[in-house]
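Please read the points alongside the sequence and coordinates.

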Amino acid sequence: MYNIVSGAGLSCVAKYLDKYNTKLNEVVIQGGFAGDSVVPEQYRLAKFAGKETCPTFNLNADIPAAKLVIDTKQIHTKRFVSKNVCHGVIYDQEMHERIRPFRHNNKGLDMLVDGMEFYLNQKNRGKAFHDPLAACVAIDPTIVEFREVEIYREKGEWGARLAQSTNTFISVALDRERFEQILIGTN
Amino acid sequence: MFITIEKTIMQETIGDIFNFLQDPQTDAICIFTNGMTNNQGLAMAGAGQAGIASSKWTNFRSRLGRHLRENGNIVGLLGEINKEGKLINRQEKSNNPSLISFPTKQHFLNPSIPKLIEQSAKQLVEIANNLRLNKVILGRAGCGFATGRLNWENDVKPILADIFNDRFVIVNME
């Protein structure tokens, strides 16, 4: 059984499940939102204070596909690397200085550093780093603290409720140091 | 007069070990683990069942890490899962299922080690005897596609079949 990382709408994942009628071990999805009833107070971002639901781009990109992926039993474990955590991860000049010395660890990282150098020269406020975070979670889920939940949609927005035995997890906090270790390729 | 004592054989079934937490007959479930901790003392438990356990129970890695530091890479009783689904200390006379760590490898990046699985299985039998556990759930030890990388029929089943009886249920996902 395979794992999938999704950094976009869930159309392709839904099509894959439908076309091959297969099972997947784990899908890491960049998207979703966990509000105050799920996220412990010390981890909440000020911008989301008091919220339980929020529109999220990737889940809203193809709502029927998102619902199918959320409801299916064909995926054993679903991990949502959600907005409430992703919005705290900005690749800025400071992070660039920490990552740059390791650029020759692998070709991908070298390209990333090149790209971010170019980007930060244009926009020095930094870049939200959602998808690389999801990819790193797929490598080591313990860089993020999760809660077991059920995902729901309400009035065009997405939320999460604490639940048991769903094997659906949503992110509530990030181990920033460990994330950067995974990103640069040190175990 | 001769009395024949027939050793019962371990059971095998299809399913997900975590679903057995809802089965009132389940006395314990085992999570396959390695022997590594990070510089915060937390167990390195990101992949396979251990990765799911780390997400289900936020204290799983700290409990396993403490067990590894205090006892080494051996089978450990990490606690029990209460009705609210929390991992807590094991209570006397409790009917809640226990959570047991079962080492299959030393370093998380390396394949599982048959000799360590054999040692862990023997330790698990000892714990099951001491705690009078009648239904102990575990997966196919060391046979994760990208983690343990051992072959169930050739490498692992012959070892466990010699050690486990029908109190032990091997659960394999389809």
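Predicted model: local features only at pLDDT ≥ 70, side-chain atom pairs only at ≥ 80, totals over all residues.

1. Overall dimensions of chain B. The radius of gyration of chain B is 16 Å, which agrees with the value near 16 Å that a compact globule of 174 residues would have. Along the principal axes, the C-alpha atoms of chain B fill a box of roughly 60 × 40 × 30 Å. Of the 174 residues in chain B, 51% are buried. Among contacts in chain B with a separation of 6 or more, 65% involve residues 24 or more positions apart.

2. Order of elements in chain B. Chain B contains four helices and seven strands. Read from the N terminus, these elements follow the pattern β-β-α-α-β-β-β-α-β-α-β.

3. The sheet of chain B. Seven strands of chain B form an open sheet with mixed pairing, in the order E1-E7-E6-E2-E5-E3-E4. Its edges are strand E1 (11–14) and strand E4 (87–88) of chain B, each of which pairs on one side only.

4. Pairing of strand E2 in chain B. Strand E2 of chain B, residues 28–33, stands between E6 and E5 in the sheet order. With E6(B), residues 136–138, the pairing is parallel and extends over two bridges. B:Ala28 has B:Val136 as its bridge partner in E6(B), and B:Ile29 has B:Ile137. With E5(B), E2(B) also pairs in the parallel sense, over six bridges; there B:Phe32 stands opposite B:Phe102.

5. Helix H3 of chain B. Helix H3(B), residues 114–131, lies across E2, E3 (76–81), E5 (98–103), E6 and E7 (168–172) of chain B. The helix runs at about 155° to E5(B).

6. Helix H7 of chain A. Turning to chain A, the buried residues of helix H7 (residues 130–139) are A:Leu133, A:Ala134, A:Cys136 and A:Val137. They lie on the same side of H7(A), because they cover an arc of only 160° around the axis. An α-helix has 3.6 residues a turn, so residues three or four places apart point the same way.

7. A:Asn25. This residue lies in strand E2 of chain A, residues 24–30. Its relative accessible area is 24%, so A:Asn25 is partly exposed, the cut-off for buried being under 20%. The side chain of A:Asn25 makes a polar contact of 3.1 Å with the side chain of A:Asn3. A:Asn25 and A:Lys78 are 53 residues apart in sequence, with their C-alpha atoms 8.7 Å apart in space.

8. A:Ser171. Is A:Ser171 buried or exposed? With a relative accessible area of 0%, A:Ser171 is buried; it lies in strand E9 of chain A, residues 168–174. The side chain of A:Ser171 makes a polar contact with that of A:Ser82 at 2.8 Å. Beyond its neighbours within four places in sequence, A:Ser171 is in contact with residues including A:Ala34, A:Phe80, A:Val81, A:Val144 and A:Phe146.

9. Most residues other than glycine have a negative phi. How do their accessibilities stand? A:Ser165 counts as partly exposed at 35% relative accessibility, whereas A:Asn167 counts as buried at 7%.

Note on methods. Residues numbered from 1 in each chain as written. Chains lettered and ligands numbered in written order. Heavy atoms only, no water. Buried < 20%, exposed > 50% of the residue type's maximum accessible area, 1.4 Å probe, protein only. Polar contact = N/O pair within 3.5 Å; in protein donor to acceptor, adjacent residues only side chain to side chain. Pairing = 2+ DSSP bridges. Contact = heavy atoms within 4.5 Å. Axes fitted to C-alpha atoms, helices over the stretch in contact; angles between N-to-C directions. Arc of directions from axis to C-beta. Rg over C-alpha atoms; globule rule 2.2 N^0.38 Å.
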